[in-house]
Amino acid sequence: MPAEKILRETVRQLQEYFAGRRTQFDIVLGLAGTSFQKQVWKELSKIPFGKTVAYKDIAGRIKNPKAVRAVGSANGKNPVSIIIPCHRVIAADGTMGGYGGGLTVKQQLLKLEGVSVMQGVP
């Protein structure tokens, strides 16, 4: 698929997401990263629209429960946030945790998905 066609499709799907008509993306991604990062990003892609999970949940899902901080680091290096929904990962205590785009943006994305998360950073 030519790059221009992929970009047009990405824009269309993002517009649908922000208009509340899309809950899942089906864009072909060719991401560059370590095998660990790709493993984390694959798990992030499985988080359903309108749901959140903790960093420790992702670590458990990749069968590496002690890698909570490494999961956070891989989460922060996600090159296609929103499409790979790293904004759906929160701290274990239910607060938002961090977000590369800023906590205000994270809160807005979660609100768009109908999720209410406590303010603050653990």
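How many salt bridges does the structure hold? The structure holds seven salt bridges, a salt bridge being a side-chain nitrogen of Lys or Arg within 4 Å of a carboxyl oxygen of Asp or Glu. The model is predicted, so local features need pLDDT of at least 70 and side-chain atom pairs count only at pLDDT 80 or more, whereas totals for chains, interfaces and linings use all residues. Residues are numbered from 1 along each chain as its sequence is written, and side-chain values use heavy atoms, with hydrogens and water left out.

One of the salt bridges joins the side chains of Glu4 and Arg8, with an N to O distance of 2.6 Å. Glu4 and Arg8 are four residues apart in helix α1 (residues 3-18), and are therefore separated by about one helical turn. Helices (H or I, at least four residues) and strands (E, at least two) are DSSP runs, numbered from the N terminus. Glu4 is exposed, its relative accessible area being 56%; exposed means over 50% relative accessible area, buried under 20%, and partly exposed in between (1.4 Å probe, protein chains only). A network of salt bridges links Glu9, Arg12, Glu16, Arg22 and Asp26.

Buried residues also take part in such pairs. Glu43, buried with a relative accessible area of 11%, forms a salt bridge with Lys46, in which the closest N and O atoms are 3.0 Å apart. Arg88 and Glu113 meet through their side chains in a salt bridge of 2.8 Å, N to O. Arg88 lies in the loop between α4 (68-76) and β2 (89-90), and Glu113 in the segment after α5 (103-112), so the pair ties together parts that are 25 residues apart in sequence. Arg88 is buried at 4% relative accessible area, and Glu113 counts as buried at 6% relative accessibility.

The loop between β2 and α5 contains Thr95, which counts as buried at 8% relative accessibility. The side chains of Thr95 and Asp93 are joined by a polar contact of 2.6 Å. A polar contact is a pair of N or O atoms within 3.5 Å; within protein, one must be able to donate a hydrogen and the other to accept it, and residues adjacent in sequence count only if both atoms are side-chain atoms.
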